[in-house]
Structure formats: structure tokens, C-alpha cells
Amino acid sequence: MAVTETQVVLLRDSKGGEAEACLQLTRFEPRERLQRAVRMLGICWGLALAAVFVPIVHFILVPGFLVAGVVMAIRRYRQPTEPNGLHGQCPGCQRAVVLRLEAGETLPQWKYCPECNAGLQLLPARIQGTE
Ligand SMILES: [Zn+2]
């Protein structure tokens, strides 16, 4: 069963201001990772099957979806966690912010504050002690 974890991360703006934030992750067990990979493979191969009936374009779409299905399924299987979102306080404008992270994004990472549009660097919290 997927487990939701919370990880402390560091938000740093371009002026050197820092603030801690909470990153929520969903951690998948090996069986769930396999199920997610098989589901992705099924979706892509289903699209490949549907593309067979589209004239001319099927010469590109069918092999494209077949290869993309395998590649995306392998990427899904190798992904042990998926970020849900990041909650924290912007070090620039001091307002509470919620940042969305895409499935494959890992730290360190640059994002923009949705409130003041300042660039924010997301760092793992353990780097805080080394600098
Ligand atoms: Zn801000």
C-alpha cells in the first residue's frame, strides 16, 4: 500500500533568504510500482492499437506509442516516490505558498513563488548544515 511521507526541505531565494518547507511524497511498494508500470504500458499500447486505424499518420503513431509505452513503463517502475506538493513560507514575501512538483522532479530544483514570482531554490534540508 502506498505510504505518504513528509520530508523537510529548504527554500532559498536569490537574495539568500531561507525557510523550511514540507514536501509530501507518496512512496510505492514494488508491487504497486509494477502495477503502475503495467497500467502505463497498457495505455500506450492501447493508443497504438487505436492509431492503427488513422490513415497515413499510423506509420508514425503506432511505432511511437509502442516504444513510448516501454520507455514510460520502465521510468514508472524505477520511480519509488512521487511528489504530491510542497507547503511552506516564501523567504522573499513571507507568505504561505503551495508548490506543485511533477512526477519525475527531484531536488535540488528551481521554482517560482506563486505569490511574488521570485525564484526559489528547493534543496534537501540536510544541505543546510553543510553550508
Ligand atoms: Zn514569495
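These are my notebook entries on the predicted model shown above.

**Ground rules**

I number residues from 1 along each chain, in the order its sequence is written. Because this is a predicted model, I read local features only at pLDDT of at least 70 and side-chain atom pairs only at pLDDT 80 or more, while totals for chains, interfaces and linings take in all residues.

**Entry 1: the two domains**

I began with the division of the chain into domain 1 (3-28 + 85-130) and domain 2 (30-77); such bounds come from an automatic or database domain assignment. I found their C-alpha centres 33 Å apart.

**Entry 2: the sheet**

Next I looked up the strands, which like the helices are DSSP runs numbered from the N terminus (strands: E, at least two residues; helices: H or I, at least four). I count two strands as paired if DSSP finds at least two bridges between them. In what order do the six strands of the open sheet lie? I read S4-S3-S2-S1-S6-S5, with antiparallel pairing. S4 (96-99) and S5 (109-112) are the edge strands; each has a single partner, so one side of each lacks a neighbour in the sheet. From one strand to the next, I noted an average twist of 30 degrees; the axes are lines fitted to C-alpha atoms, and angles run from 0 to 180 degrees between N-to-C directions.

**Entry 3: strand by strand**

I followed S1 (residues 3-13) into S2 (residues 18-27) and found 10 bridges between these antiparallel strands. Glu 5 has Leu 25 of S2 as its bridge partner. The two strands make a hairpin with four residues between them, and Gly 16 in that turn has a positive phi of about 95 degrees.

S1 also pairs with S6, again in the antiparallel sense, over five bridges. Here I see Leu 10 opposite Leu 123 in S6. S6 (residues 119-124) in turn runs antiparallel to S5, to which four bridges join it.

Which peptide bond is cis? I found the one from Leu 107 to Pro 108, with omega near -5 degrees, and Pro 108 sits in the loop between S4 and S5.

Gln 94 is not a glycine, yet its phi is positive at about 65 degrees. I located Gln 94 in the loop between S3 (81-89) and S4. Is Gln 94 buried or exposed? It counts as exposed because it has 11 C-beta neighbours inside 10 Å; the cut-offs, with C-beta atoms placed from the backbone, are 20 or more others within 10 Å for buried, 12 or fewer for exposed, and partly exposed in between.

Asn 117, also a residue other than glycine, has a positive phi near 65 degrees. I placed Asn 117 in the loop between S5 and S6, and with 10 C-beta neighbours inside 10 Å it counts as exposed.

**Entry 4: helix H2**

I then turned to H2 (residues 58-77). Its 20 residues reach 28 Å from first C-alpha to last, close to the 28 Å expected at 1.5 Å a residue; the expected span is 1.5 Å times one less than the number of residues. Which residues of H2 are buried? I listed Phe 65, Gly 69, Ala 73 and Arg 76. They cover an arc of only 70 degrees around the axis, so they are on the same side of H2; the arc is taken from the directions from the helix axis to the C-beta atoms. An α-helix has 3.6 residues a turn, so residues three or four places apart point the same way.

On the face turned away from the buried side, I found the exposed residues Phe 59, Ile 60, Pro 63, Val 67 and Val 71.
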